[in-house]
Amino acid sequence: MVNLAIFVSGNGSNCENIIRYFADSNVARVALVVSNKSNAFALERAKRLGVPSMTLSKADFANQNFTMKVMDEYAIDFVVLAGFLMMVPDYLLRHFHKRMINIHPALLPKFGGKGMYGHHVHEAVKANGETETGITIHYVSEECDGGDIIFQSKVKVELDDTPDDIAEKVHQLEMRDYPVIIEKMVSKI
């Protein structure tokens, strides 16, 4: 059984979806939810679903001994970023090399990098007149949204779509595809 940690910063709908997906799995389980924000609703979602959760501050993440002790305590094998809005420290990238993935709400390399998250991405897709968008699941690297791409899924952008419409289309892809790709990835461990 592979122990997953989900790193989050916000609402946590993807986090909840992943927890529910693996609830009865014999492949993996969500062993821990970690947020860099104490008011992230994802922490409440984890609590409701009986998954241990905690807040780690930027200083905590900077402290390799502290953070690795937490990862070891929960025997974390694989890390999933789901709306985590902080750069991952190098020591975690090294420790979880090819065992840490992220989802981005656009077709990378378009609309990626610093400041490109959430609604900012969907507004940029609309402003650029894109005819399609989607999701990208990729390995986490030291470059923001720059890790090797694992999977992409596309959706058509209609001329009259608003950024909210685009966000909803992309969210449907996230909910459908992210847990399945996580399962495929952890099955290789």
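Phenylalanine 111 counts as buried, because its relative accessibility is 18% and the cut-off for buried is under 20%. The model is a predicted one, and this residue is a handy place to start looking around. Phenylalanine 111 sits in the loop between β5 and α6. Its phi is positive, about 55 degrees, even though the residue is not a glycine. That is worth a second look, since most residues other than glycine have a negative phi, and most peptide bonds are trans.

The loop between β5 and α6 also holds proline 109. Here the peptide bond joining leucine 108 and proline 109 is cis, with omega at about 15 degrees. Another positive phi turns up at aspartate 145, a residue other than glycine with a value near 60 degrees. Aspartate 145 lies in the loop between β6 and β7, the latter spanning residues 149–156. Aspartate 145 counts as buried because its relative accessibility is 17%.

Next comes helix α6, which runs over residues 118–127 and has Val121, His122, Ala124 and Val125 buried. These four lie on the same side of α6 because they cover an arc of only 160 degrees around the axis. After α6 comes glycine 129, with a positive phi near 70 degrees.

Helix α7 shows up again in the packing of the helices. Two packed helices are described by the angle between their axes and the distance between the axes. For α1 (residues 13–22) and α7, the angle is about 45 degrees and the axes are 10 Å apart. The two helices are therefore oblique to each other. The crossing of α1 past α7 is right-handed. On the α1 side, the contact is made by Ser13, Asn14, Asn17, Ile18, Tyr21 and Phe22. On the α7 side, the residues involved include His171, Glu174, Met175, Tyr178 and Ile182.

Tyr178 and Ile182 also stand out in the largest nonpolar core, which has 39 residues. Together with Leu4, Ile6 and Val33, they touch the most other members. The largest share of this core, eight residues, comes from α7. Leaving aside residues up to four places away in sequence, isoleucine 182 touches Leu4, Ile18, Phe22, Val80 and Ile101. There is also a second, separate core of 22 residues, with Ala5, Ala31, Leu32 and Met100 among them.

Is leucine 32 buried or exposed? Leucine 32 counts as buried, because its relative accessibility is 0%. Its contacts, again leaving out residues up to four places away in sequence, include Leu4, Ala5 and Ile6. Others among them are Val51, Pro52, Ser53 and Met54, along with Val70, Met71, Tyr74 and Ile76. Leucine 32 and valine 79 are 47 residues apart along the chain, and their C-alpha atoms are separated by 9.6 Å.

Note on methods: Residues numbered from 1 in each chain as written. Predicted model: local features only at pLDDT ≥ 70, side-chain atom pairs only at ≥ 80, totals over all residues. Heavy atoms only, no water. Buried < 20%, exposed > 50% of the residue type's maximum accessible area, 1.4 Å probe, protein only. Arc of directions from axis to C-beta. Core = buried A, V, L, I, M, F, W, Y, C linked by side-chain atoms within 4.5 Å. Contact = heavy atoms within 4.5 Å. Axes fitted to C-alpha atoms, helices over the stretch in contact; angles between N-to-C directions. Parallel < 35°, antiparallel > 145°, perpendicular 65-115°, else oblique. Left-handed = near helix turned anticlockwise from the far one by under 90°.
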